[in-house]
Amino acid sequence: METEAPKDLMETLLDIAATFITPDWGELVARIPLLLLLLVVLYFGWTIRRYATAGPTRRAPTRLPPTTPEHVHMPGPSASPILVALGAGALFLGLVVGGLALWIGVAVLIITMLVWGREAVRDYDRLQPPAAVPAVIHPGPPPGVHLPGPSIRPLLASLGAFALMAGLVFGGWVLVVAAIFLTWTLIGWLGDFAAEYRKVEEADTTGHLENPEPKGWPVRWLQLFAVVFVVVGLFQLGILPTQGPGGAAGGPGASPGPTAGTSLPPGTITVVAKDIAFDTYEIEVPAGQPFAILLRNDDAAGVPHDVDIRDEGGAVLQDKPHTEGGQSQLYEYTPLDPGQYVFICSVHPIPAMTGTLIVR
């Protein structure tokens with residue numbers, strides 16, 4: 001019995017030490033919220049004690065109200081930040097719940113922000129108006145320093161680049177007009193640079209560098225390009241007919257696709273392209289056998305599409321010719337090894353015209 005007591009004591013000590021050496025991590029993680037709650041309670045207790053013991057206690061029976069120095073504006077306390085925080089909380093709650101709660105959260109946040117804004121405006125109106133400062137007329141840059149005047153060309157070039165990107169997406173005549181617009185902008189920018197360079201050459205003899213005449217907005221040219229873009233875009237999207245009745249494109253007498261009236265190979269897969277998007281994004285074909293895809297381009301005339309096969313790295317394995325809008329074309333492909341590939345429109349390589357080709 002005497003030897004059992006030290007043994008039991010040793011096992012108890014080992015069990016206590018094991019809780020620290022090899023703890024139960026799941027139990028510790030489960031107790032983290034309690035530990036955080038304890039830290040929050042201790043922090044609030046410490047904060048309350050600091051406020052309770054802050055400030056002078058023997059100067060007067062009550063605390064002295066603070067006195068704002070002259071010409072120093074000290075706005076009073078405001079509940080608006082708390083209201084806006086509640087409005088933001090209502091908005092986030094609406095994002096989680098959805099439906100009517102989302103619109104209620106948006107309304108609450110807008111109302112609280114308007115209240116805060118109105119309070120800020122009233123506070124601003126009470127400020128002492130600043131003293132009038134005399135206007136300063138700058139005599140100009142120091143000798144030898146050239147400050148070129150403002151130019152609208154960078155903004156026009158940005159519009160041209162945006163138009164070009166849109167043309168690359170939609171293709172057809174939209175791309176042609178976008179390229180013309182960007183070229184016109186860059187040529188105008190080059191002309192401005194040439195005029196500035198000529199002024200620099202004149203300064204070599206006159207000793208004074210002057211800026212060229214400032215360019216105004218080319219309103220008429222911008223209006224012309226805007227009208228052309230709208231008209232071409234309507235034709236491109238098929239909203240306006242490209243030809244009259246009985247025409248070859250867009251009218252009732254449109255000619256059938258090149259595959260009309262011909263028999264299709266067994267197992268031919270039909271892919272429809274409309275609104276610059278494929279109707280399917282996953283195709284499965286047998287491995288080691290040739291296969292065929294019938295592309296039906298339901299977009300307007302002037303919007304070509306195709307179906308190329310690429311590997312997952314983006315390398316082109318089988319390239320196919322374009323199919324014009326309103327036409328259909330049969331694409332025949334050579335056998336592929338088992339795996340996953342990409343079928344994509346090389347004219348519009350965007351997610352809406354990209355899919356997965358599974359070969360089994």
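A residue is called buried when its relative accessible area is under 20%, exposed when over 50%, and partly exposed in between (1.4 Å probe, protein chains only). By that scale phenylalanine 225, at 10% relative accessibility, counts as buried. The model is predicted, so local features need pLDDT of at least 70 and side-chain atom pairs count only at pLDDT 80 or more, while totals for chains, interfaces and linings use all residues. Residues are numbered from 1 along each chain as its sequence is written, and side-chain values use heavy atoms, with hydrogens and water left out. Helices (H or I, at least four residues) and strands (E, at least two) are DSSP runs, numbered from the N terminus.

**Aromatic pairs**

- Rings of Phe, Tyr and Trp (its six-membered ring) pair if their centres lie within 6.5 Å; planes under 30 degrees apart count as stacked, over 60 as edge-to-face and the rest as tilted.
- The structure contains eleven aromatic pairs.
- In the pair of tyrosine 43 and tryptophan 46, the ring centres are 6.2 Å apart and the planes stand at 50 degrees, so the pair is tilted.
- Both tyrosine 43 and tryptophan 46 belong to helix α3 (residues 32-53), where they are three residues apart, about one turn of the helix.
- Tryptophan 46 has a relative accessible area of 46% and is partly exposed.
- Another tilted pair is formed by tryptophan 184 and phenylalanine 225, with 5.4 Å centre to centre and 40 degrees between the planes.
- Tryptophan 184 lies in helix α7 (residues 172-206) and phenylalanine 225 in helix α8 (residues 219-236), so this pair ties together parts that are 41 residues apart in sequence.
- Tryptophan 184 is partly exposed, at a relative accessible area of 21%, whereas phenylalanine 225 is buried.
- A cluster of Phe181, Trp184, Trp221, Phe225 and Phe229 is linked by ring pairs.

**Charge over a ring**

- A charge sits over a ring if NZ of Lys or CZ of Arg is within 6 Å of the ring centre and within 35 degrees of the ring normal.
- Lysine 320 is placed over the face of tyrosine 333, 4.9 Å from the ring centre.

**Helix α7**

- The expected span of a helix is 1.5 Å times one less than its number of residues.
- Helix α7 has 35 residues and reaches 52 Å from its first C-alpha to its last, close to the 51 Å expected.
- The buried residues of α7 are Val174, Val177, Ala178, Phe181, Leu182, Thr185, Gly188, Asp192 and Ala203.

**Salt bridges**

- A salt bridge is a side-chain nitrogen of Lys or Arg within 4 Å of a carboxyl oxygen of Asp or Glu.
- Three salt bridges are found in a search of the whole structure.
- One of them joins the side chains of aspartate 192 and arginine 153 (2.8 Å, N to O).
- Aspartate 192 is in helix α7 and arginine 153 in helix α6 (residues 153-170), so the pair ties together parts that are 39 residues apart in sequence.
- Aspartate 192 is buried at a relative accessible area of 18%, and arginine 153 is buried at 11%.
- The side chains of arginine 360 and glutamate 284 also meet in a salt bridge (3.3 Å, N to O).
- Arginine 360 lies in the segment after β8 (354-359) and glutamate 284 in strand β2 (residues 282-285), so the pair ties together parts that are 76 residues apart in sequence.
- Arginine 360 counts as exposed, at 62% relative accessibility.
- Arginine 296 forms a salt bridge with aspartate 298, and the closest N and O atoms are 3.1 Å apart.
- Arginine 296 is partly exposed at a relative accessible area of 37%, and aspartate 298 is partly exposed at 32% relative accessibility.

**Strands and sheet**

- Two strands pair if DSSP finds at least two bridges between them.
- An open sheet of three strands has the order β1-β3-β6, with mixed pairing.
- Its edge strands are β1 (269-273) and β6 (328-333), each pairing on one side only.
- Strands β3 (residues 291-297) and β6 run antiparallel and are joined by six bridges.
- Isoleucine 293 stands opposite tyrosine 331 in β6.
- Threonine 270 lies in strand β1 and, at 40% relative accessibility, is partly exposed.
- Phenylalanine 343, in strand β7 (residues 339-344), is buried with a relative accessible area of 0%.
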